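These are my notebook entries on one protein chain. I set down what I looked up, entry by entry.

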Amino acid sequence: MTQVSLAGAPFSRVLRVVGMTLLASCMFAPAAAHAGIGASATPTFPTSVTVGQTGLAATLEVANANTTPNTGATNTVCNVNDGAPCPAGASITLIPSCGMLGPDADCTPAGYDPGVLQISSTGEGVFGTSCGGLIFDLTPADAASGRLFVTPRSGAHVTLPGAGAVCKIAVTFNVLRSPSKDQSAAPGTQTAQILANTQTSGDLAAFARGTSSPAMTVQRAQPAIATVASANTSVGSQLTDTATVSGRVNPLPGATIDFRLYGPDDVSCFGAPIFTSTVAYPVAGGVVTSGGFTATQTGTYRWVATYSGDANNAPVGGACNEANESTTVSAASSTSTTPGTPGTPGTPDTPDTPGTPGTPANATGVPVCTEPPGPAPAGGEICGAGTARVIGASGCQSKPFSVKVSGTQVATVVFTLDGRRIATLRKRNRGRFYSVTISPARLKIGTHRVLVKTTFTKKSATKPKTLRVVFSRCTRNLAAPQFTG
């Protein structure tokens, strides 16, 4: 109990808890008559808010709580620069967010948590109450606690005529972030608001402090995530997913997006993912891309992406089979090695490796020579260095055609189509040719390349040679083919 002196007479200030409001009464002692000057303070804020909400309404209520014999007395609420009988610095004050209440419902220094709420810089007295129409300025009183002075403009004062008289001040506020300190053990994150005021009547003064009840629960903002998987493709290609998070409020560093890929045999994404990729999500936001997974089987692959959230933003994730989150993988295009119709002779991709002098060729493109030890034919010679030439098609193709290789001293011929091996031949499979058949109808429209790597016998001392046929998959045939060998 604090002993103070007003107007030369000692009096004691007694604090009593009434609900969530502290009621102070002052009395002279010793005295035959008892003074009953009292005050109350009640902040009313929403019990649940979400980070990012703006323009929410709240009221600050101060009331005359006088008791007998002073129920009819008028109380005046102190402003910050008032003199006696107001104590120095007495005023209507508001702490917008407190994470730990101490004695007499005050906020302990360990509970200071400024910056959770942004209170409007002005308030207005609610009509029908004792301060209706008055404009109040809310100004910083203490940066550490975030405490604000609530002061009527132009030197006005709030007067409360008799017990039960009330002044309600309407304010608005924005929710900037989640509390860093939790005021309650209840689920969620709570913060308390604390309102205080001092009232005088004659030479007597009464102080009251009240807290919001129940404490405000602050929910994290609920962002949204948009994802797009890579386009349909074929076996051997890489699959990726992209994600963008929107609707975050005051995001913090450290958030991630977890990408999970489920195989064709898991249509509900219940099993373990076949691939995962965790990517940091920047504070600035934007599109991020998962790591790549190489598809090894046909079917539909499904992605699910999840944003981790942070202190101000809740996690958010997609669901299995969402739109734009599936990629269908088809079999890779292949070619057969069955005989096909001859195409048009081509030219080597790179010059033959010099060996013995070149040999003449007949109309089929097969060199006119005889491999040792046979005699050289008329007009020809003994084949020394290995040779190879390609016969194929180029330009616009829509029907099957053959790519054939002829040559001497050939050991192996490896055919690849757009980088995928389609045949390895060690013997001629069509007369004097090493041949494969290309089926353009099974390929995507566009340009395609057949590379033919030819190796030669050791005795020829000839380096491997790569020949090439370039053609386009289209819906009609064009003029005579052109190709390189």
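The entries below go from the whole chain to its cores, its sheets and some single residues.

**Entry 1: the model as a whole**

I noted at the outset that this is a predicted model. I looked up the confidence: the mean pLDDT of the chain is 82, and 80% of the residues reach 70 or more.

**Entry 2: secondary structure and surface**

How many helices and strands does the chain have? I found zero helices and 39 strands. Of the 485 residues, 44% count as buried. The chain exposes about 22,200 Å², of which carbon and sulfur atoms supply 56%. I also looked at the contacts with a separation of 6 or more: residues 24 or more positions apart account for 66% of them.

**Entry 3: the nonpolar cores**

I turned to the largest nonpolar core, which has 31 residues. Which of its members touch the most other members? They are Phe-45, Ile-119, Ile-169 and Phe-173. I listed the elements that give two or more residues to this core: strands S6 (56–64), S8 (92–98), S9 (117–119), S11 (135–142), S12 (147–152), S14 (166–175) and S17 (216–219). S14 gives the most, with five residues.

I followed Ile-169 further. I then noted a second, separate core of 23 residues, which includes Val-413, Leu-425, Leu-467 and Val-469.

**Entry 4: a sheet of five strands**

I traced an open sheet of five strands in the order S33-S39-S38-S35-S36, and I recorded its pairing as mixed. Which strands stand at the edges? Strand S33 (395–397) and strand S36 (420–425) do; each has a single partner strand, so one side of each is left without a neighbour in the sheet. The twist averages 30° from one strand to the next.

Strand S35 (residues 410–417) and S36 run antiparallel and are joined by five bridges.

**Entry 5: a sheet of three strands**

I traced another open sheet, formed by three strands in the order S18-S21-S24, with antiparallel pairing. Strand S18 (224–229) and strand S24 (287–289) stand at its edges with a single partner strand each, so one side of each has no neighbour in the sheet. Direction ignored, neighbouring strands here are turned by 25° against each other on average.

How many bridges join S18 to strand S21 (residues 241–246)? I found six, and the two strands run antiparallel. Ala-224 stands opposite Ser-246 in S21.

**Entry 6: cis peptide bonds**

The peptide bond from Thr-68 to Pro-69 is cis, with omega near 10°. Pro-69 has its place in the loop between S6 and strand S7 (74–77). The peptide bond from Ser-213 to Pro-214 is also cis, with omega near -5°. I located Pro-214 in the loop between strand S16 (204–211) and S17.

**Entry 7: positive phi values**

I recorded Ser-154, whose phi is near 60°, a positive value in a residue other than glycine. Ser-154 lies in the loop between S12 and strand S13 (159–161). Is Ser-154 buried or exposed? Its relative accessibility is 82%, so Ser-154 counts as exposed.

Asn-321 likewise has a positive phi, of about 70°, although it is not a glycine. I found Asn-321 in the loop between strand S27 (316–317) and strand S28 (326–330). Its relative accessibility is 44%, so Asn-321 counts as partly exposed.

Methods. Residues are numbered from 1 along each chain as its sequence is written. This is a predicted model: local features need pLDDT of at least 70, side-chain atom pairs count only at pLDDT 80 or more; totals for chains, interfaces and linings use all residues. Side-chain values use heavy atoms; hydrogens and water are left out. A nonpolar core is a set of buried Ala, Val, Leu, Ile, Met, Phe, Trp, Tyr and Cys residues joined through side-chain atoms within 4.5 Å. Buried means under 20% relative accessible area, exposed over 50%, partly exposed in between (1.4 Å probe, protein chains only). Helices (H or I, at least four residues) and strands (E, at least two) are DSSP runs, numbered from the N terminus. Contact means heavy atoms within 4.5 Å. Accessible areas come from the Shrake-Rupley method with a 1.4 Å probe; for residues, only the protein chains shown count as cover. pLDDT is the predictor's confidence in each residue, from 0 to 100. Two strands pair if DSSP finds at least two bridges between them. Axes are lines fitted to C-alpha atoms, for helices over the stretch in contact, and angles run from 0 to 180 degrees between N-to-C directions.
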